[in-house]
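Student: I would like to learn how to read the sheets and cores of a folded chain, taking one feature at a time. Could we go through an example together?

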Amino acid sequence: MLRIAVPNKGSLSEPASRMLAEAGYRQRRESRELVLVDTENKVEFFYIRPRDVAVYVGAGTVDVGITGRDLLLDSGAHAVEHRGLGFAQATFRFAAPDGKGLTIDDLRGKRIATSYDALVKNYLTEHGIEAEVVHLDGAVESSVRLGVADAVADVVETGSTLRAAGMDVFGEPLLKSEAILIRHADTDVTRDIAILDGRLEGVIMARNYVLMDYDIQREHLDGAVKLTPGYQSPTVSPLHDENWVAVRAMVERSTMNRVMDELHDVGARGIIVTPIITSRI
């Protein structure tokens, strides 16, 4: 039975469970549940602290887990990223009061507050910067005002929290993070892991693409197909009127309205967009 670690709280928890549910797996109904067995899919879920997911995977206690890229790199666990999952995207940045115009070189000899000690220390070492890393659990925005740090390093989604604390981000991002599927560094991809991976890939594709159907005269087909090349190739079917064909293609969700406008301009009619629940590519 495949053992999967899932974040039990925080910004990763609900989206991770929702993705797994869309992939066809049972998920817990109450937050108090710490273990759930999905006998039909031969999977056992363990709901644990987001920071501990990589530790359990690295120790081989569970087979795979869902966590953040930032948490994996900070953990030092013997685990590797298997697949990006496309949600909980954030950027890891430095910030300081009046930080606009500062560079990483300005951190030399400074105190940097963070909850991600290993990640920050490794980054500073790679760039030849000597600075003191001050560990804080939880929010770090007030550390400068309270006098325990000169700058902070933290995950930034919109930057509003830092700005509210009078901080400006500066320098290049330390890391671009997102939710990821991880596995033990020495573990081969078993059939069970491959099945899970395929299902998650199907959900990601379904979230990023839609099915677009339309009718078009044969003489305008080439122009329409250039707009909707599909994932591999569009499906083209004859209609009762031999001068017309029906076309079906996968289209990126983010572009669907623009593509509909352009299809209409080249003569497509009866354009319909349908959501995809899941897929296998």
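Tutor: Let us begin with the record: in an unreviewed UniProt entry, the annotation "domain: Histidine biosynthesis HisG C-terminal" covers residues 206–276; such positions are given in the numbering used here, feature names are shortened, and annotations may be inferred rather than shown by experiment. The model is predicted, and local features need pLDDT of at least 70, side-chain atom pairs count only at pLDDT 80 or more, while totals for chains, interfaces and linings use all residues. Residues are numbered from 1 along each chain as its sequence is written, and side-chain values use heavy atoms, with hydrogens and water left out.

Student: What are the helix and strand percentages over residues 206–276?

Tutor: Helices (H or I, at least four residues) and strands (E, at least two) are DSSP runs, numbered from the N terminus. Over residues 206–276 the chain is 28% helix and 41% strand, with the end C-alpha atoms 5 Å apart.

Student: In which order do the strands of the open four-stranded sheet lie?

Tutor: Two strands pair if DSSP finds at least two bridges between them. Here the order is β13-β14-β12-β15, with antiparallel pairing, and the edge strands β13 and β15 (269–275) each pair on one side only. Nine bridges join β12 (residues 209–217) to β14, and Asp213 stands opposite Arg248 in β14. Helix α6 packs on this sheet, touching β12 and β14, and its direction makes about 50° with that of β12; contact means heavy atoms within 4.5 Å, and axes are lines fitted to C-alpha atoms, for helices over the stretch in contact, with angles from 0 to 180 degrees between N-to-C directions.

Student: Why is one side of β8 and of β10 left without a neighbour in the five-stranded sheet?

Tutor: That open sheet runs β8-β7-β9-β6-β10, with mixed pairing. Because β8 (132–135) and β10 (167–177) stand at its edges, each has a single partner strand, and one side of each lacks a neighbour in the sheet. Seven bridges join β6 (residues 90–97) to β10 in antiparallel fashion, with Phe92 opposite Leu175 in β10.

Student: Which residues touch the most other members of the largest nonpolar core?

Tutor: A nonpolar core is a set of buried Ala, Val, Leu, Ile, Met, Phe, Trp, Tyr and Cys residues joined through side-chain atoms within 4.5 Å, where buried means under 20% relative accessible area (1.4 Å probe, protein chains only). Of its 43 residues, Phe45, Leu85, Phe94, Leu107 and Leu196 touch the most other members, and helix α6 (residues 191–208) gives the most to this core, with five residues.

How values were computed:
Buried < 20%, exposed > 50% of the residue type's maximum accessible area, 1.4 Å probe, protein only.
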